[in-house]
Amino acid sequence: MAVQQLENYARPQQWTGLDLVDTDVHINLPGLKNLFPYLEARWRDYITESGMGGLPSNLYPSNAPNLFLDGTRPEQGPAGSSLELLQGQLLDPWQLQYAILNCTYAIDSIHNDDLAAALARALNRWQLHEFLEQDPRLRGSAVLPLQNPGFAAKEVEWAAEHEQFVQVTVPSRSREPLGRRGFWPIYRAAQEAGLVIGVQAGGLSGNPTTPIGWATYFVEDYVNVPLAFQTQLMSFVTEGVFVEFPELKVVTIEGGFAWLPPMMWRFDKDWKGLRREVPWVERPPSEVIRDHVRMTIAPLDRPDTPQYLLDVIDQLLSDDMLMFSTDYPHAHFANSADALPAGISGDLQTKIMSGNAHATYRLR
């Protein structure tokens with residue numbers, strides 16, 4: 001098929017010749033039956049006989065207007081399900097050195113541990129064969145059946161056998177805080193394999209999406225997305241995940257970053273008075289977060305006054321945390337000129353564009 005080029009959606013001229021790594025590119029399964037070649041007969045029968053439908057991401061209303069960039073939906077299947085479009089609309093015009101793929105599929109919504117494990121296993125093999133092995137610029141994120149950390153750890157071990165996988169993903173709205181010790185087999189396997197833990201926006205925890213109950217409107221739910229990420233980072237630090245696994249890296253995906261400086265300030269302040277409760281946290285939490293946490297930049301909270309965003313970036317007190325992302329095929333920005341904060345220094349721009357991703361994902 002002829003690939004429609006996206007207007008104003010390509011590498012900015014001033015980036016010519018520079019390495020560029022996109023750390024959040026979404027791919028979507030065309031349909032549940034696409035997993036059948038990777039499923040045992042019992043699960044194919046189960047899906048067919050039960051009339052089970054698909055498990056699309058729940059982060060956005062699936063039919064919301066302006067959710068995806070115009071022209072990113074193939075003739076059949078959802079946006080993000082075509083390798084040809086991905087190559088022609090993103091990899092080639094952006095001249096990407098690497099793209100980190102994230103497959104948004106609601107495995108976490110399943111209450112059957114065995115079925116969740118089977119679907120995660122099939123989904124990861126599908127993305128390996130249909131995407132990662134087809135283009136050397138692609139790197140993948142294995143989806144985990146978080147319902148059962150033992151099953152999830154085995155999937156981490158499988159992903160480690162394939163160099164195309166550099167990350168494993170878990171939802172930001174998990175059923176309990178991700179720092180809990182029950183999840184530690186996943187982190188042990190990831191550290192041993194050198195894989196990153198990606199905490200991705202979304203999830204179906206069954207819990208309210210705010211601290212005080214269920215929101216009435218989508219705008220409330222959407223604005224509250226960063227609350228889950230804040231809770232998860234506090235859990236990772238206070239439970240001692242980074243003490244037990246000192247080489248582990250966590251990437252927050254599609255959660256923003258403007259909220260982080262004030263959160264770290266408050267976290268440090270209260271830790272000073274309550275540190276006896278968590279004696280294993282021997283350093284200020286902000287230092288731990290700067291060492292272990294990285295963040296994708298799209299969607300970018302862009303105030304009308306550019307200097308305000310530059311001030312937030314300065315308040316991170318680290319040039320190592322932010323990583324470039326387009327969030328393709330989502331329409332969080334439609335013009336390449338908006339891809340990075342305006343006014344950042346050349347050295348920091350280079351680190352955001354590629355250096356931090358290379359260091360985090362050990363790309364080669």
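Predicted model: local features only at pLDDT ≥ 70, side-chain atom pairs only at ≥ 80, totals over all residues.
User: Let's start with strand 5. Which of its residues are on one side and which on the other, and are they buried or exposed?

Analyst: Here is the general idea: in a regular strand the side chains alternate between the two faces of the sheet. In strand 5, Val-196, Gly-198 and Gln-200 lie on one side, Ile-197 and Val-199 on the other, and all are buried. Because five of the five residues are buried, strand 5 is largely enclosed by the rest of the structure.

User: Which strand is joined to strand 5 by five bridges?

Analyst: That is strand 4, residues 165-171, which runs parallel to strand 5. Thr-169 stands opposite Gly-198 there.

User: Now the rings. How many aromatic pairs does a search of the whole structure find?

Analyst: The search finds 15. A pair of aromatic rings is described by the distance of the centres and the angle of the planes. Take Tyr-9 and Tyr-328: their centres are 6.5 Å apart with 35° between the planes, a tilted pair. Tyr-9 lies before strand 1 and Tyr-328 between strand 8 and helix 12, so the pair ties together parts that are 319 residues apart in sequence. Both Tyr-9 and Tyr-328 are buried.

User: Which residues do ring pairs link into a cluster?

Analyst: The cluster holds Tyr-9, Trp-15, Trp-94, Phe-324, Tyr-328 and Phe-333.

How values were computed:
Residues numbered from 1 in each chain as written. Heavy atoms only, no water. Buried < 20%, exposed > 50% of the residue type's maximum accessible area, 1.4 Å probe, protein only. Helix = DSSP H or I, 4+ residues; strand = E, 2+ residues; numbered from the N terminus. Pairing = 2+ DSSP bridges. Phe/Tyr/Trp six-rings, centres within 6.5 Å; stacked < 30°, edge-to-face > 60°.
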